[in-house]
Amino acid sequence: MSSLIDYRTCPTTGLKVDRAAEKLIKANAVAAIVFLAIGGLFGLLVALTRWPAVHFLPADMFYLALTAHGLDVLLVWIIFFEMALLYFASAILLNSRLAGPKWAWTGFGLMLVGALITNVAVLQGKSSVMFTSYVPMMAEPPFYVGIILFAVGALIGCCVFFGTLVLAKREKTYEGSIPLVTFGALTAAIIAVFTLASGAIILIPTLLWSLGLVSHIDPLVYKTIWWAMGHSSQQINVSAHVAVWYAIAAMVFGAKPLSEKISRMAFLMYILFLQLASAHHLLVEPGMSSEWKIFNTSYAMYLAVLGSMIHGMSVPGAIEVAQRSRGLTKGMFEWLRKAPWGNPAFAGMFMSLVFFGFLGGISGVVMGTEQINLIMHNTLYVPGHFHATVVAGTTLAFMAITYILVPLIFRRELMMKKLAMWQPYVFGIGVAGISVFMMGAGTLGVSRRHWDMTFADAILPFDYPSAAFLMMGLNGIFAVMAAVGGLMYVVIVVGSVFFGKKLTDDEKPSYPEVPPESAAVSHYGSSESLKIPGTAFLVGIFFTAFVLYYFVNWKYLSEIWPLS
Amino acid sequence: MAMTPPSERIWWRQPIARIELIWIIIAFTWGLIMFFMMIYWHGAGAQNLSNEAYQIKPQVFAKHAQDMIDEYQVREESGFPVVHPPPGSDVYLIARLWQWWPILEFEKDQSYRLHLSSMDWQHGFSLQPVNINVQVHPGYDMVVTVKPDRAGEFGVVCNEFCGIGHHMMVGKIYVVE
Amino acid sequence: MNENNIPDDAASSDSSDPEQIPLMQRILDNPFLLLVLGIAVPAVFYIIWGIIEITQIPIAD
Ligand code: HEM
Ligand SMILES: [Cu+2]
Ligand SMILES: [Cu+2]
């Protein structure tokens with residue numbers, strides 16, 4: 001059977017590459033990037049409208065663009081790219097053929113058709129319901145049809161991933177346990193199954209309701225199950241981008257995780273508990289008990305946060321060990337100073353790690369605290385937070401790994417290397433800016449999803465503090481920067497994929513260089529004396545910031561009206 | 001490396017580095033502190049939701065609100081009735097496309113049982129500049145006991161997207177000495 | 001390496017044969033067991049418990 005499969009051998013890594021898997025990775029990655037470009041453009045339009053001095057779009061177009069932005073980036077870009085990663089982490093890393101490429105293509109087709117249907121529905125203007133489509137606000141039926149098709153397609157992709165794991169094991173294409181990166185992808189796939197199933201459970205009845213076949217959907221039940229999809233899909237992203245961090249650390253430095261056991265247990269915490277945090281969205285809802293809220297919003301006593309904090313030490317720690325073993329041992333930070341900051345894969349990955357932890361992670365836990373949510377729910381703090389997680393974290397990590405995948409999978413030399421060198425900085429800093437300024441405006445009370453913060457057309461007047469206007473102006477400026485960074489990415493990647501120098505099957509690309517496995521890290525026996533002072537220092541700063549910011553927000557909370 | 005299967009067949013028995021272990025213990029303890037902080041605040045803090053809620057038909061809720069308005073209206077402002085209910089009483093605030101109805105007037109340092117419900121879609125009660133934000137659903141009556149601790153004029157912004165007039169949906173609450 | 005030592009921790013007590021893979025490693029190596037757990041935990045604690053809470057909201061009189 002496997003003799004019929006068309007393989008090539010990767011000249012850089014020596015891995016056997018199933019060409020069917022390779023084609024699917026390409027197709028999914030290209031679709032992802034196209035939708036990132038579309039969705040990013042909508043994002044820029046939204047940000048320009050929220051810039052008080054510009055106020056670009058009229059109200060109806062603003063709400064339309066915001067709906068399209070949420071759908072195209074959060075759902076379509078991210079999940080298409082994740083499909084590419086799943087096929088990469090299974091078939092390629094396990095040296096195996098892909099199980100059922102025909103099914104994978106069917107999934108791809110459904111996702112593509114679904115995404116197009118929903119986009120058309122939104123652009124027609126009668127489905128500006130935001131990507132959350134809270135009932136009883138109703139979209140046109142095609143809006144739901146498209147999302148359902150997309151979800152079914154992605155579910156098929158997950159099945160192909162699981163099938164490939166089984167196949168690789170049966171055909172003994174690898175020895176022992178699956179690689180850590182594949183384990184991270186497995187975590188993402190498991191969460192994806194729960195996510196997509198929840199989506200189907202709630203959106204199918206909602207579709208029937210919009211067709212007039214069901215009379216009533218309870219808004220609280222809708223919200224509960226919808227967020228089992230909406231929030232869990234963010235957890236797919238977290239698992240996937242953590243896997244990407246490990247992958248980039250491995251490919252750029254030959255870094256090896258500090259401890260297989262600990263890193264895998266951290267992923268297990270994700271599998272078990274991360275999805276409970278869907279309750280973040282229901283903390284100020286009527287009727288849910290505080291027991292339910294506290295247990296779920298804390299991911300069962302913050303065990304999933306523990307997982308993230310472990311990865312937060314493990315990834316930079318692995319890099320530090322690898323760098324030190326190459327002689328970069330001076331002081332605390334020579335290993336970091338002399339890291340390849342001009343390599344966009346590393347720069348993007350490291351900024352993703354830092355921004356995700358410091359901006360996204362801390363703000364997420366604070367906002368997800370039952371009572372503190374009262375001073376943040378539905379303000380711009382929320383989009384501020386998740387642009388740090390899903391844009392500065394996930395999107396930046398995915399961009400970073402693209403720079404490695406273009407030569408390895410698309411078999412093209414990367415073009416515009418100078419531009420590529422700058423891309424992660426422009427995008428990363430732009431996104432960090434919009435995150436910080438939206439969080440700032442949110443702290444001042446400014447509503448999310450809101451066309452006019454001056455309330456010019458309201459009968460009763462109200463004014464936000466002038467600092468809030470300043471924040472939104474700065475947000476606009478950094479949004480332009482982020483959009484430029486996004487455009488750079490699209491241009492570099494699309495340019496390279498279509499016009500880059502073709503590589504023959506046994507030609508090694510000049511970039512990326514894959515370093516030899518770091519010697520010092522390969523025996524764990526020495527781990528008692530493991531030295532990662534730089535990482536320990538960074539982790540210490542992170543922890544201090546976390547504790548301070550956490551209690552500062554309790555202080556803010558204590559200053560509002562007493563409530564009971 | 002992380003891209004290849006672990007080099008040791010039995011990786012579970014590899015020892016953990018001290019520094020990782022210390023970090024795990026710190027992070028785990030911090031998680032417990034954050035977890036118990038929420039529970040602690042329910043006892044010791046002044047800002048908690050009671051989670052008291054009822055299923056209610058919009059017209060029933062509207063009737064309660066109208067009864068309150070009929071009884072306690074003190075004046076009118078831009079077409080909105082201004083209501084000054086007695087301290088401690090049940091107060092009803094209607095959310096509908098696209099207004100908060102009526103305007104409420106509270107007394108400082110008095111408690112009120114504020115009922116929130118929507119007549120149509122979801123809305124977001126966002127009291128500004130205090131910055132208290134709760135979700136308002138149709139079909140559910142959420143009761144929040146509020147005790148305004150400073151006098152002044154407060155805006156009620158709608159912060160859940162509720163259609164094309166969302167950004168015009170502003171209400172008002174007065175707190176008097 | 002402690003493979004030749006007498007098993008001293010809980011994880012190894014289930015495998016007196018040093019070649020046998022410890023239980024926890026076997027769990028982590030079993031994707032379908034993890035899949036079941038990863039669906040069951042949030043389905044029970046988040047969805048089912050949550051829906052029960054909603055259905056128990058009393059009706060106003
Ligand atoms: C050029 C880059 C981007 C810019 C300038 C940008 C800007 C914005 C702004 C200003 C908002 C509106 C906040 C509001 O009014 O409520 C927003 C919403 C949002 N953005 Fe972005 N964004 C960008 C990229 C992304 C990416 C890559 C993702 C996902 C991976 C993303 C996900 C979202 C989501 C989910 C929303 C919420 C939509 C809603 O409230 O329904 N954004 N973005
Ligand atoms: Cu509203
Ligand atoms: Cu609204």
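Guide: Between chain A and chain B the count is 1 salt bridge. The model is a predicted one. The partners in that bridge are A:R449 and B:E160, whose side chains meet with N and O 3.3 Å apart. A cut-off of 4 Å between a side-chain nitrogen of Lys or Arg and a carboxyl oxygen of Asp or Glu is what lets the pair count. Side chains of opposite charge can pair when their charged atoms come close.

Polar contacts between chain A and chain B come to 42 residue pairs, with both residues at pLDDT 80 or more. On the side of chain A that touches chain B, helix α17 (residues 533-558) gives the most, with 11 residues. That side of chain A divides into 68 nonpolar, 24 polar and 18 charged residues. The contact as a whole draws 110 residues from chain A and 84 residues from chain B.

The size of an interface is often given as the accessible area lost when the parts come together. For chain A and chain B the buried area is about 8,900 Å², and carbon and sulfur atoms give 70% of that. Three residues, A:K261, A:L460 and A:W561, supply 11% of what chain A buries against chain B, more than any other three.

Next comes a charged residue without a salt bridge. A:D218 sits in the loop between α5 (180-210) and α6 (219-230) of chain A. This residue is buried, yet the nearest side chain of opposite charge, A:K223, is 11 Å away. What A:D218 does have is a polar contact, side chain to side chain, with B:Y140 at 2.6 Å. A polar atom of the A:D218 side chain also lies 2.9 Å from the backbone nitrogen of A:L220. Apart from neighbours within four places in sequence, A:D218 is in contact with A:V135, B:Y140 and C:I54.

A:F194, A:L272 and A:W292 supply 19% of the area that chain A buries against chain C, more than any other three residues.

Over all chains the structure holds 20 salt bridges. One of them joins A:R8 and A:E22, with the closest N and O atoms 2.3 Å apart. A:R8 is in strand β1 (residues 7-9) and A:E22 in helix α1 (residues 19-50), 14 residues apart. A:R8 is buried at 3% relative accessible area, and A:E22 is buried at 5%.

Another joins A:R264 to A:E260, with closest N and O atoms 2.9 Å apart. These two are separated by about one helical turn, because they stand 4 residues apart in helix α8 of chain A. Both A:R264 and A:E260 are buried.

Conventions:
Residues numbered from 1 in each chain as written. Chains lettered and ligands numbered in written order. Heavy atoms only, no water. Buried < 20%, exposed > 50% of the residue type's maximum accessible area, 1.4 Å probe, protein only. Lys, Arg positive; Asp, Glu negative; His and termini not counted. Polar contact = N/O pair within 3.5 Å; in protein donor to acceptor, adjacent residues only side chain to side chain. Contact = heavy atoms within 4.5 Å. Buried area = accessible area lost by both parts, 1.4 Å probe. Nonpolar A, V, L, I, M, F, W, Y, C, P; charged D, E, K, R; others polar.
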